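Here's a quick briefing to get you started. Have a look at the chain first, then read on.

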Amino acid sequence: MFLHSLAHSTRFRRNRTVNFSWPLKARVPILRMRNNFPPAISIIGSRRSQPPATLTSQPRFSVVVAVFNEADNVTAVTEEILRAIAPAGLFELIYVDDGSNDATAERLRVLRDTDPSIRVLRHDRRCGKTAALITGVMAAGSPWIVTMDGDGQDSAADVPRLLELAWASGEPFPLVAGIRTRRRDSWSRRFATKFANGLRQALLHDNCPDTACGLKVFRRDTFLRLPAFEGMHRFLPALFQTFGSPLVCCPVTHRPRLAGQSKYTNFGRAAVGLFDTLGVIWLRRRTRLPQRVVEE
């Protein structure tokens, strides 16, 4: 479903600084883009703010975790999520099992039976991470979505901070992207990711240094407007900006895998990623959106 974006070349310039304090005061630049995209903001701290009013019958936000063959990780990941994210308010935890062929489904069902906030959805076959995220977002019963990986490398303790940044920003609602400041992966994976991020930024000018981090917060309705294709989760900053959502980057913790091994190879991701990047360039150039709509 290819439709998208802006053919203008993108240049950035620093134009002002803003003070934030979460939990420490920090002066950070706001980068304003010379095109129709909203500004991308790189933030270390943020003001504390009041989140939207809590709904009595609906969760305030939904945590969506896509998993494939993560039987040895889901229990520990679930316990951490329920413990660390609870202070942010009422939420639901949605697991999407992307056709696992190990004991992942069975262990998720056990977890679901112990806590009413846990939901488990299962694909009948492996469809890919993007398809699993779309399944989870479509099933979500709240306007705010939190995504994170199910291998234990993301820290659930970072989620309340990302939510605060999202809620503090107001409309147009942003995409808040976690940025792994210290990768806990092999040198070959770190090198491959650094190369891919550099190439992607050079071609897309999305101003996001780490699109592959699983920790993100965004509005459900905005996500569902995006064109769906396998691998789109690696291009969410560029796609969200195309549809008028600003980007907020927030440093997050990165940890070694709890157990198991990655489902991706460096070469496989690089080969697919190059073609996907060219596809996203085409999508953005073919998108035509009004800046505002007035009913008369």
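What follows is a short tour, from the overall chain to a few individual residues.

This is a predicted model, so local features need pLDDT of at least 70 and side-chain atom pairs count only at pLDDT 80 or more, while totals for chains, interfaces and linings use all residues. Residues are numbered from 1 along each chain as its sequence is written, and side-chain values use heavy atoms, with hydrogens and water left out.

**The whole chain**

- The protein chain comes to eight helices and ten strands; these are DSSP runs numbered from the N terminus, with helices being H or I of at least four residues and strands being E of at least two.
- Of the 296 residues in the protein chain, 51% are buried (buried means under 20% relative accessible area, exposed over 50%, partly exposed in between, with a 1.4 Å probe and protein chains only).
- Take the contacts between residues at least 6 apart in sequence: 76% of them join residues at least 24 apart (contact means heavy atoms within 4.5 Å).

- Helix 2 covers residues 104-114, and its buried residues are Thr104, Ala105, Leu108 and Leu111.
- Those four sit on the same side of helix 2, because they cover an arc of only 120° around the axis (the arc is that of the directions from the helix axis to the C-beta atoms).

**Helix 1 against helix 2**

- These two helices pack at an angle of about 30°, with axes 10 Å apart (axes are lines fitted to C-alpha atoms, for helices over the stretch in contact, and angles run from 0 to 180 degrees between N-to-C directions).
- That makes helix 1 roughly parallel to helix 2 (angles under 35 degrees count as roughly parallel, over 145 as roughly antiparallel, 65 to 115 as roughly perpendicular and the rest as oblique).
- On the helix 1 side, Val74, Thr75 and Thr78 meet Thr104, Arg107, Leu108 and Leu111 of helix 2.

**Ala66 in strand 4**

- Ala66 lies in strand 4 and counts as buried at 15% relative accessibility.
- Leaving out residues up to four places away in sequence, Ala66 touches Val96, Lys129, Ala132, Leu133, Met148 and Gly150.
- Ala66 and Asp97 are 31 residues apart in sequence, yet 6.2 Å apart in space, C-alpha to C-alpha.

**Two prolines in one loop**

- Pro174 is in the loop between helix 4 (159-169) and strand 8 (175-180), and Pro172 is in the loop between helix 4 and strand 8 too.
- Pro172 is joined to Glu171 by a cis peptide bond, with omega about -5°.
- Pro174 is buried, with a relative accessible area of 1%.
- Between Pro174 and Pro246 there are 4.7 Å in space, C-alpha to C-alpha, and they are 72 residues apart in sequence.

**Positive phi values**

- Asn69 isn't a glycine, but its phi is positive, near 55°; Asn69 is in the loop between strand 4 and helix 1 and is partly exposed at 22% relative accessible area.
- Asn207 isn't a glycine either, and its phi is about 60°; Asn207 is in the loop between helix 5 (187-204) and strand 9 (216-219) and counts as buried at 18% relative accessibility.
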